[in-house]
Amino acid sequence: MMEINIWVQQIIQVLISGIVTASVYAIMGIGLSIIYGISRVFNFAYGSFFTWGAYLAWFLFSTFSWMNYPIVFLIVLPVMFALGMLTERIVVRSLRWRANWQVTTMMVTLGLAFFLDNLALIIFGGFAKPLPPIYRGGINPFGFTLSVQDLLMLIVGASVMIIFGLFLAKSYIGMSMQAISQDMTGAEIVGIPIKKVFSYTFGLSTALVGMSGILLAPRYYISPHGGWEPFFRVFVIVAFGGLGSIRGTLYSALILAILEAFISWSLGATWVLPFWFLVFLGVLAFRPSGLMGKWG
Amino acid sequence: MGVRKNMQFRKELITLVTVFIILSVLPLFIYKNSYFIGLLITCLIWGTMAAVWNFTMGYAGIFTFGQFAFFAVGAYISGMLAKHLGVPTGISMLAGGCGACLVGLLIGIPCMRLKGSYIALITWALHLVMGPMIKVAGPLGTGGSTGLMEIPSLGIGGFILSRTSLMPWYYAGLVLSFLILIVVYRFIFSSVGLGFVGLRDSEEFAKTLGINEYKYKLLVFGISAFLTGIVGSFYVHYAGIISPRILGLDIFLLVMLMLIIGGIGVFPGAFIGSFIVLILNDLLRPLEAYRFLIFGAIVIVAIKAMPEGLLGKFNKLTDVSQRT
């Protein structure tokens with residue numbers, strides 16, 4: 001009886017850790033999804049912005065000893081937002097609507113990714129950097145332990161999604177974004193300033209990925225090329241959920257993060273990446289349109 | 001059409017042969033300088049790879065970023081066969097090419113139906129997972145993250161090339177590169193190539209004539225994976241060592257830069273680009289970490305400065321610029 005109890009407890013623990021990871025993956029996935037769904041640009045520098053968000057937080061923590069997470073978010077998120085808007089303005093905008101611009105923008109953002117990665121390498125060095133835990137300690141509801149950090153990550157993730165949903169449904173910019181993702185020409189005809197919305201989309205997406213970079217940094221270390229792996233995972237999540245579909249992204253983040261947690265618990269961490277790749281191949285072979293999106 | 005195509009073929013072939021004649025005479029003047037010969041061999045390897053990439057991307061319009069994954073598959077298969085099983089290098093190289101081709105087809109079968117930008121994403125994902133997969137597959141003989149070492153040298157009919165003298169390597173690489181480019185040429189100026197021209201000029205009409213876009217793309221993708229795998233297996237026997245670092249972003253950046261600087265045309269764009277980039281790479285070596293920062297910036301600036309020049313020759317078949 002006791003044995004089974006421990007087993008059940010472990011499973012619940014793994015489930016919780018999966019859900020917590022899912023909330024961060026979902027934030028990151030939404031950022032990737034909107035940038036593609038609305039501005040039609042696939043941003044290869046996404047993983048680098050993930051790293052840069054974490055590096056900026058690390059910089060604040062190491063410079064000011066009194067620094068804490070709320071202030072870090074208050075400072076880093078606007079900076080990331082501005083960085084994203086700047087990227088759209090300087091790097092992407094002039095390429096838009098030219099021949100094969102979707103591929104040109106991919107190459108140019110890939111160039112940007114290399115630039116940002118190597119800039120991080122030069123400024124911060126090759127050694128992996130840690131961030132302090134968001135909160136130390138844990139609580140014990142119903143007999144199993146839950147770290148407050150996980151709980152906070154979950155709350156932050158959920159509230160970001162709720163706020164983002166409200167933003168899409170209620171605000172002018174949010175509604176413009178929806179309109180553009182449904183029918184770009186129509187949106188332009190009715191007078192929606194699409195260029196401006198593209199800028200905001202880039203900014204928002206970059207802020208979201210920077211945020212997830214900070215949230216995941218206390219768990220994993222920050223290194224100059226460390227953004228590519230989460231980027232790949234989130235890409236699989238978004239592909240699985242259907243590129244451009246926000247609800248699909250949410251579901252697939254939940255499904256895949258929980259599966260990931262169970263695989264790393266039962267088979268070991270080395271199997272996590274092959275698992276992602278297998279999911280990816282499966283999605284490709286059986287449902288390239290994803291759970292609820294349309295490809296091509 | 002046929003005549004014009006034939007003339008163009010002859011013109012391009014003359015360019016190709018001229019470049020290779022120059023390349024085959026060049027070492028006679030600098031044979032004493034092994035540093036330059038080494039640089040030239042590197043140029044040949046990456047230039048051929050860039051040229052095959054260019055053929056896939058610029059001519060057939062398949063936006064693949066997975067060429068390095070095929071390169072690594074070819075290199076690893078050939079290296080492992082020769083090292084662990086003692087397979088003659090000629091056969092192991094062929095096996096490397098076939099293995100890369102198989103991976104290419106596995107990815108290509110579901111993927112070639114999708115639009116251009118998705119192909120780019122998927123092949124890039126293949127590139128990203130290939131390194132970790134090789135590390136996990138350590139027990140199978142890939143050598144894990146340290147890599148495969150002491151790989152047998154290339155043997156041609158009982159004569160084994162020694163790594164101390166570079167000239168035989170240079171000429172072996174030159175011959176291989178020439179053969180690969182001839183295969184690429186044969187393809188471009190064959191019925192398949194004509195099919196792509198048809199698809200470009202009038203997609204609907206070409207399709208009603210029975211040109212199967214999917215089949216053609218898959219064919220080109222498979223061939224390109226095969227050729228890249230062969231280049232990879234030549235590299236592995238030349239270098240004698242391979243590790244997952246070959247999938248690092250630095251080399252990828254360099255080869256992409258060859259493509260961008262060389263411009264996307266069939267030939268000799270990327271091939272010449274490889275010489276420019278690798279010499280630049282050598283000149284900038286003293287800058288250490290700043291080198292790749294500069295290369296990243298060059299990519300951005302080059303694409304922004306000549307987006308049409310770079311991609312101008314991309315055909316309409318892959319034109320994804322229509323607003324959706």
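**A first walk through the model**

A: Start with B:Glu150: 9 other C-beta atoms lie within 10 Å, so B:Glu150 is exposed. A residue is exposed at 12 or fewer such neighbours, buried at 20 or more, and partly exposed in between, with C-beta atoms placed from the backbone. This is a predicted model, where local features need pLDDT of at least 70 and side-chain atom pairs 80 or more, while totals for chains, interfaces and linings use all residues. Residues are numbered from 1 along each chain as its sequence is written, and chains are lettered from A and ligands numbered from 1 in the order written.

Q: Where does B:Glu150 lie?

A: In the loop between H6 and strand S1 (155-156) of chain B. Helices (H or I, at least four residues) and strands (E, at least two) are DSSP runs, numbered from the N terminus.

Q: What is its phi?

A: About 50°, which is positive although B:Glu150 is not a glycine. A:Arg40 also has a positive phi, near 65°, and is likewise a residue other than glycine.

Q: Is A:Arg40 buried or exposed?

A: A:Arg40 counts as buried, because it has 21 C-beta neighbours inside 10 Å. A:Arg40 sits in the loop between helix H1 (2-39) and H2 of chain A.

Q: And what about B:Glu12?

A: B:Glu12 has 17 C-beta neighbours inside 10 Å, so it counts as partly exposed. Its helix is H1 (residues 2-25) of chain B.

Q: New topic. How many helices and strands does chain B have?

A: Chain B has 14 helices and 2 strands. Of its 324 residues, 48% count as buried.

Q: Over to H3 of chain A. How many residues has it?

A: H3(A) runs over residues 69-92 and has 24 residues. From first C-alpha to last, H3(A) reaches 32 Å, close to the 34 Å expected at 1.5 Å a residue. That expected span is 1.5 Å times one less than the number of residues.

Q: What do its buried residues pack against?

A: Helices H2 (46-63), H4 (101-124) and H8 (194-216) of chain A, together with helix H13 (289-305) of chain B. Among the buried residues of H3(A) are A:Tyr69, A:Met80 and A:Val92.

Q: How do H3(A) and H8(A) cross?

A: Their axes come within 7 Å and cross at roughly 140°. That makes H3(A) oblique to H8(A). Axes are lines fitted to C-alpha atoms, for helices over the stretch in contact, and angles run from 0 to 180 degrees between N-to-C directions. Under 35 degrees counts as roughly parallel, over 145 as roughly antiparallel, 65 to 115 as roughly perpendicular and the rest as oblique.

Q: Which residue types make up that contact?

A: The contact of H3(A) with H8(A) divides into 15 nonpolar, 7 polar and 2 charged residues.

Technical notes. Contact = placed C-beta atoms within 7 Å. Nonpolar A, V, L, I, M, F, W, Y, C, P; charged D, E, K, R; others polar.
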